[in-house]
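Visitor: I am new to this structure. Please show me how to read its features.

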Amino acid sequence: MAAGDRNQTVANKRALGKKLEAVGWGLFFIWVGIALIANIGWGVGLLGAGIIILGVQVARYLFGLNWEGFSVAVGLLFALGGIWEPFNIQFSIVPILAIVGGIILLIFAPFGASRD
């Protein structure tokens with residue numbers, strides 16, 4: 001494969017990734033609006049958000065793009081929080097995981113690789 005073809009392939013994948021990201025954000029905000037209007041509660045709201053986030057990552061994989069570990073972790077955390085809530089468990093590990101995850105992000109954010 002010539003360098004020009006390789007550059008075009010990379011550009012096409014980057015454009016596709018941006019489109020999938022835009023679709024994901026669009027679905028996320030539509031879901032948040034529906035969840036707020038319908039007053040469906042935190043559990044179903046988080047579950048829906050988690051499914052959308054994980055769905056975007058599945059689409060990235062199916063289109064041959066690298067999945068994003070952070071988004072998978074956030075999607076799983078949201079889905080877990082959504083599943084956990086209907087069981088009405090008094091102590092949930094989900095808020096603790098969210099706090100720890102946020103602290104880890106704040107600590108390591110300055111050291112992360114920059115993206116274009």
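**Reading the aromatic rings**

Guide: Start with Trp 25, which is partly exposed at 47% relative accessible area. Buried means under 20%, exposed over 50%, and partly exposed in between (1.4 Å probe, protein chains only). This is a predicted model: local features need pLDDT of at least 70, side-chain atom pairs count only at pLDDT 80 or more, and totals for chains, interfaces and linings use all residues. Residues are numbered from 1 along each chain as its sequence is written, and side-chain values use heavy atoms, without hydrogens and water.

Visitor: How is a pair of aromatic rings described?

Guide: By the distance of the centres and the angle of the planes. Rings of Phe, Tyr and Trp (its six-membered ring) pair if their centres lie within 6.5 Å; planes under 30 degrees apart are stacked, over 60 edge-to-face, the rest tilted. The whole structure holds three aromatic pairs. One of them is Trp 25 with Phe 29, stacked at 5.7 Å centre to centre and 25° between the planes.

Visitor: Why are Trp 25 and Phe 29 separated by about one helical turn?

Guide: Because they sit four residues apart in helix α1 (residues 3–38). Helices (H or I, at least four residues) and strands (E, at least two) are DSSP runs, numbered from the N terminus.

Visitor: Is Phe 29 buried or exposed?

Guide: Exposed, at 55% relative accessibility. Phe 29 also pairs with Phe 28: the centres are 5.5 Å apart and the planes at 75°, so this pair is edge-to-face. Trp 25, Phe 28 and Phe 29 form one aromatic cluster.

Visitor: How many helices and strands does the protein have?

Guide: Four helices and zero strands.
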